[in-house]
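Where do oppositely charged side chains meet in this model? The text below goes through such contacts one by one.

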Amino acid sequence: GDKIRSGGNGYKIILLPANRLLPVESLKKLMELAKEGAKIIFYKNAPEGVPGLANLTARQSEFEKLIEPINTGFGEPVTLVISDKDGNTRTTGGLNHVASLGKGMFFMGDSLETMLQIATVKKKKMTERGLSYYKRINTNGKVYFINNRTANAFNDWIALNETAVSI
């Protein structure tokens with residue numbers, strides 16, 4: 001499907017925030033998830049190597065063989081046209097790369113907002129109003145923890161676009 005399941009929660013993407021180093025085992029898992037349909041974003045750059053010095057030459061060689069198809073798939077930067085729900089389009093800026101692997105995709109770019117849009121991750125309206133949130137799913141349903149981390153008081157209603165048993 002379009003979600004990665006972990007601990008009872010579903011995720012649409014995996015985001016690696018400008019990681020320079022990544023263990024071989026982690027790269028293998030990311031590739032396995034991509035082949036099954038996951039969307040993985042490398043923010044700013046793809047990892048370049050493995051951490052640690054133990055058996056470094058062999059691990060780095062294995063890492064380079066594994067990541068080579070992803071880097072080759074990225075190729076030249078692409079300009080993408082993004083459409084919003086009203087049919088308006090805009091061209092993305094920055095360096096954007098897309099590589100397919102199995103049923104999934106790897107994305108790399110220097111604009112997190114653009115990468116999330118390309119990966120078709122919908123932003124909750126509350127984040128546009130300066131609120132952050134954590135959503136968890138448990139046996140009782142969906143639980144939101146909403147946090148106002150701005151210096152301004154927030155006194156308004158927020159639509160969660162979810163069916164609620166209680167509030």
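Predicted model: local features only at pLDDT ≥ 70, side-chain atom pairs only at ≥ 80, totals over all residues.

Residues are numbered from 1 along each chain as its sequence is written, and side-chain values use heavy atoms, with hydrogens and water left out.

The structure contains three salt bridges, a salt bridge being a side-chain nitrogen of Lys or Arg within 4 Å of a carboxyl oxygen of Asp or Glu. One of them joins E48 to R20, with 4.0 Å between the closest N and O atoms. This pair links distant parts of the chain, 28 residues apart: E48 sits in the loop between β4 (39-43) and α2 (56-74), and R20 in the loop between β3 (13-17) and α1 (24-35). Helices (H or I, at least four residues) and strands (E, at least two) are DSSP runs, numbered from the N terminus. E48 is exposed at 52% relative accessible area, and R20 is exposed with a value of 52%. Here buried means under 20% relative accessible area, exposed over 50%, and partly exposed in between (1.4 Å probe, protein chains only).

A further salt bridge pairs K28 with E62, the closest N and O atoms lying 2.9 Å apart. K28 belongs to helix α1 and E62 to helix α2, so the contact ties together parts 34 residues apart in sequence. K28 is partly exposed at 41% relative accessibility, as is E62 at 32%.

K29 and E32 also form a salt bridge, at 3.2 Å from N to O. Both are in helix α1, and because they are three residues apart, about one helical turn separates them. K29 is partly exposed at 43% relative accessibility, and E32 is partly exposed at 39%.
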